[in-house]
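Morning, everyone. Please have the viewer open.

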Amino acid sequence: MPFRTIPETDSRYGLICFDAQGEERRDDPDRSVGDGRMSSRLLETAVTEEATNIFLFSHGWMGDVPAAVRQYDAWIGAFAGSSLDRKRAEDVFPGFRPLFIGLHWPSLPWGDEEIGDGSFAIEGFCNSGAERPGPDQLFNAYAERLGGKPEVCDALHIIFDEARRDAAPPELSERARDAFLKLNRALGLEANGPAGAPDSDREPFDPDAALRAGDEAAFGGYDIFGGMLGLVRLCSYWTMKKRARSIGETGMHSFVNALQKATAARKTKIHLMGHSFGCVVVSSILGGPSGDGAFDRPIDSVVLAQGALSLWSFAPSIPFPRAGAGYFHRVTREGRICGPLVTTRSRYDTAVGVQYPRACVISGEPSFDVTELPKYGAVGTFGLQGVAEQIKTDCELLPADGAYEFQPGRIYNLEASRYIAKGSGSSGAHNDIAGPEVAHAIWQAAFGSVQRAEIDSS
């Protein structure tokens with residue numbers, strides 16, 4: 001799409017879009033420039049406008065471009081509108097000229113409107129006046145989300161047919177169980193992804209165990225993965241995680257590499273920010289193919305807001321039997337970030353605090369206790385753990401005028417429950433990231449990529 005100016009501001013951003021197969025879309029409306037890919041326009045813009053700093057954002061679960069635009073208008077708008085930080089940027093970065101980029105990738109694992117009591121309480125499955133999608137709409141939605149391959153649709157047809165008989169059975173029929181296993185294979189989830197990868201952070205897929213765990217959760221009030229539709233959501237959830245890793249490791253890693261090469265003469269600083277599954281994208285950009293990629297120079301700063309990836313993702317050794325190392329442990333070991341790596345966590349974020357461990361098929365009540373770290377837990381609940389204590393600091397998200405003094409090469413886990421607190425529905429405060437406090441932390445992370453001596457001499 002063309003560059004978008006955020007309403008009621010003079011700030012704009014470019015939106016680079018990928019499809020469900022992980023390929024960059026070639027339908028940039030301004031076909032007079034480049035090859036129809038927004039990446040070509042962004043590379044040209046970075047050079048011709050002599051950008052000093054590139055800020056690249058990745059959303060989490062957003063279904064379509066309009067949804068992504070709404071989030072970026074709010075998130076980038078809050079960031080670009082931080083007047084005190086923007087003024088300081090002119091002192092920290094001589095000749096400051098920013099370029100803002102948002103990434104859209106199709107990533108909706110479920111919609112709140114389809115989440116009921118775990119029993120397909122929608123027209124066509126039972127008598128309900130709720131305005132929820134009907135069975136045909138749900139089938140089409142999940143077929144599209146899951147890639148639409150014939151083998152995927154065949155498995156979904158069987159699952160939806162079985163659900164018409166009993167949407168919340170005490171146990172799966174042999175036909176339903178077999179269909180879920182076929183769906184898992186068709187989605188390429190059977191092997192649970194590469195060792196330690198974000199899409200392998202779960203127990204081996206067992207439809208019966210997942211159904212039992214979902215029913216236990218529904219009894220406790222968390223029904224996101226309960227019943228037959230809940231198991232479809234579960235498969236969708238892991239497919240989106242796999243897609244996030246694939247897009248980050250391949251197309252977006254290559255694009256950031258190209259940005260670095262195109263702006264090498266100016267030594268343009270590049271800053272990455274991710275939210276939710278977007279933290280998987282950003283971490284995968286840093287990791288590159290199979291976690292073993294490389295950049296010409298380190299990324300300048302990284303912020304992972306309410307990350308839906310494992311708390312052990314950057315750990316050189318995970319403290320559980322046969323767990324190995326975190327998938328992204330090379331990022332810190334090899335110094336792929338020269339500035340700070342900042343995360344946020346909130347106890348009001350039920351998407352990562354409750355749904356994340358449920359998706360790993362964990363029974364029992366989820367915990368937000370950071371003093372007892374679990375095998376399966378999200379960065380948005382626990383921060384990044386298992387890394388060297390000398391590079392990790394746990395502290396609070398500060399007000400929009402607070403002073404962090406972030407240092408290069410360190411990890412900061414910000415307890416953000418005071419500010420990331422507003423929300424409702426199945427995700428809680430998961431999307432409450434457009435406040436001035438989060439924007440300020442992103443700016444401060446960018447400033448932390450510059451050594452104090454450099455600032456004083458500028």
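Predicted model: local features only at pLDDT ≥ 70, side-chain atom pairs only at ≥ 80, totals over all residues.

Cys153 is buried, with a relative accessibility of 18%. The cut-off for buried is under 20%, so Cys153 falls in that class. Cys17 is buried as well, at 9% relative accessibility.

Some overall numbers next. The protein has 458 residues, and 57% of them count as buried. Its secondary structure comes to 14 helices and nine strands. If you take contacts between residues at least 6 apart in sequence, 75% of them join residues at least 24 apart.

Now the charged pairs. In general, side chains of opposite charge can pair when their charged atoms come close. The structure holds 21 salt bridges, and I will go through some of them.

Take Asp73 and Arg4. They form a salt bridge with the closest N and O atoms 2.5 Å apart. Which parts of the chain does this pair link? Asp73 sits in helix H2, residues 65–80, and Arg4 in strand S1, residues 4–5, so the two are distant parts of the chain, 69 residues apart. Is Asp73 buried or exposed? Asp73 counts as buried, at 14% relative accessibility. Arg4 has 25% relative accessibility, and that makes it partly exposed.

The next pair is Arg330 and Asp292, with a closest N to O distance of 3.8 Å in their salt bridge. Arg330 belongs to helix H10, residues 329–333, while Asp292 is in the loop between helix H9, 278–287, and strand S6, 301–305. The pair therefore ties together parts that are 38 residues apart in sequence. On accessibility, Arg330 is partly exposed at 24%, whereas Asp292 counts as exposed at 51%. The cut-off for exposed is over 50%, which is why Asp292 gets that label.

Then there is Lys149 with Glu151. Their side chains meet in a salt bridge, again listed as N to O, at 3.8 Å. Lys149 has a relative accessible area of 38% and is partly exposed. Glu151 is partly exposed too, at 39%.

Salt bridges link Asp161, Glu162, Arg165 and Arg175.

On to helix packing. Please bring up helix H6, residues 174–186, and helix H8, residues 227–262. The axes of H6 and H8 come within 11 Å and cross at roughly 15°. Angles under 35 degrees count as roughly parallel, so H6 is roughly parallel to H8. What is the handedness of the crossing of H6 and H8? The crossing is right-handed. Which residues meet there? From H6 we have Ala176, Phe180 and Leu183, and from H8 they meet Met228, Leu231, Val232 and Cys235.

A lysine comes next. Lys392 is placed in strand S8, residues 392–396. Is Lys392 buried or exposed? Lys392 counts as buried, with 10% relative accessibility. Leaving out residues up to four places away in sequence, Lys392 touches Leu384, Gln385, Val387, Arg410, Ile411 and Asn413.

Last, two backbone angles. Gln306 has a phi near 50°, a positive value in a residue other than glycine. Gln306 lies in the loop between S6 and H10. At 0% relative accessibility, Gln306 counts as buried.

Glu405 also has a positive phi, near 60°, and it too is a residue other than glycine. Where is Glu405 found? It is in the loop between S8 and strand S9, 411–415. Glu405 counts as exposed, at 61% relative accessibility.

Conventions:
Residues numbered from 1 in each chain as written. Heavy atoms only, no water. Salt bridge = Lys/Arg side-chain N within 4 Å of Asp/Glu carboxyl O. Helix = DSSP H or I, 4+ residues; strand = E, 2+ residues; numbered from the N terminus. Buried < 20%, exposed > 50% of the residue type's maximum accessible area, 1.4 Å probe, protein only. Axes fitted to C-alpha atoms, helices over the stretch in contact; angles between N-to-C directions. Parallel < 35°, antiparallel > 145°, perpendicular 65-115°, else oblique. Left-handed = near helix turned anticlockwise from the far one by under 90°. Contact = heavy atoms within 4.5 Å.
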